[in-house]
Amino acid sequence: MADDPLVIAGREFGSRLILGTGGAANLAILEQALLAAQTELTTVAIRRIDITAGGAGVLDVLARHGIEPLPNTAGCRSAAEAVLTAALGREALQTSWVKLEVIADDRTLLPDPIELLDAAEQLVDDGFTVLPYTNDDPVLARRLADVGCAAVMPLGSPIGTGLGIRNPHNIEMIVAQARVPVVLDAGIGTASEAAFAMELGCDAVLLASAVTRAEDPPRMAEAMRLAVQAGRNARLAGRIPQRFWARASSPEL
Amino acid sequence: MTVTVNGQCWELPDGSALADVLSRLGTPPRGVAVALDGAVVPRAFWAGTALRDGASIDVVTAVQGG
């Protein structure tokens with residue numbers, strides 16, 4: 001059934017599934033997964049070049065299929081580091097879009113909210129289209145939108161855990177007050193959780209490990225694509241209210 | 001002079017430019033960015049940016065991640 005496109009910063013996307021490229025065993029598997037996901041936008045990390053690695057890189061795969069790379073600031077611990085990494089990503093990929101990540105520590109990989117907001121403000125001022133990976137905190141999400149972020153991307157649970165959406169009510173609150181698109185980013189483990197994110201009202205889902213580290217990444221990518229569509233349809237269709245007691249669906253005898 | 005390229009020490013002739021480092025690295029034609037002492041240098045300025053002893057250069061590209 002017809003659906004509006006996802007619109008972020010004035011750009012339209014037919015797909016509401018953003019697939020990250022991290023964690024794939026090799027480029028061939030990643031390529032199959034990207035195609036099965038039918039994603040139009042995918043995250044890449046910015047790292048020191050390894051000339052000895054040689055061969056075609058992830059950018060060649062994306063270029064071959066017209067998939068837009070979204071540089072991230074993964075691994076950055078401070079606003080200063082993230083701002084420099086974003087600037088390098090902009091120069092390398094000729095895009096002003098950035099997935100902003102500022103991580104507090106290696107164990108939780110949770111965003112550092114103070115550094116994140118600082119970096120977001122600096123990058124917006126510098127003309128970036130900022131998509132911040134954020135905690136599932138409605139107040140922080142609002143502050144990020146207030147400083148001009150083009151979307152907010154709250155986590156369902158910590159990166160790579162596959163624990164799903166631990167605080168659905170927070171995600172609903174973020175959605176309810178959002179003036180920018182909400183992208184559920186991180187923590188998704190399986191298809192039902194991606195559908196749930198969309199049922200909660202998220203505009204899109206961003207995931208990587210759930211697909212790239214699955215036993216069959218292309219099949220999981222397809223499952224995620226269908227789940228995101230199903231969840232979106234369910235959201236638009238308007239679910240029935242939950243009731244305590246049963247209510248017959250057949251006419252009385 | 002001695003400069004640091006992606007964490008490694010390099011000996012370069014005096015008067016070397018940033019572009020010399022990139023050509024020695026065999027840098028691909030696209031998808032690459034360079035920071036000199038923590039500030040991005042756009043590609044158009046690589047040839048005209050002279051290096052000084054002790055300069056720190058980072059050459060980055062996009063890899064799988066996120």
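Colleague: Which way does helix 7 of chain A cross helix 9 of chain A?

Modeller: Handedness first: if the near helix is turned clockwise from the far one by less than a right angle, the crossing is right-handed; anticlockwise is left-handed. Here helix 7 of chain A passes helix 9 of chain A in a right-handed crossing. Mind you, this is a predicted model: local features need pLDDT of at least 70, side-chain atom pairs 80 or more, while totals for chains, interfaces and linings use all residues. Residues count from 1 along each chain as its sequence is written, with chains lettered from A and ligands numbered from 1 in written order.

Colleague: At what angle do helix 7 and helix 9 of chain A pack?

Modeller: Two packed helices are described by the angle and the distance between their axes. Helix 7 (191-199) and helix 9 (217-237) of chain A sit at about 30°, axes 7 Å apart, so they're roughly parallel (under 35 degrees).

Colleague: How many residues of chain A are in contact with chain B?

Modeller: 27, against 19 residues of chain B. Strand 4 (41-48), helix 2 (58-65), strand 5 (68-71) and helix 3 (79-93) of chain A each supply at least two residues of that side. The side has 18 nonpolar, five polar and four charged residues.

How values were computed:
Two residues are in contact if their C-beta atoms, placed from the backbone, lie within 7 Å. Helices (H or I, at least four residues) and strands (E, at least two) are DSSP runs, numbered from the N terminus. Ala, Val, Leu, Ile, Met, Phe, Trp, Tyr, Cys and Pro count as nonpolar, Asp, Glu, Lys and Arg as charged, and the others, Gly among them, as polar. Axes are lines fitted to C-alpha atoms, for helices over the stretch in contact, and angles run from 0 to 180 degrees between N-to-C directions. Angles under 35 degrees count as roughly parallel, over 145 as roughly antiparallel, 65 to 115 as roughly perpendicular and the rest as oblique.
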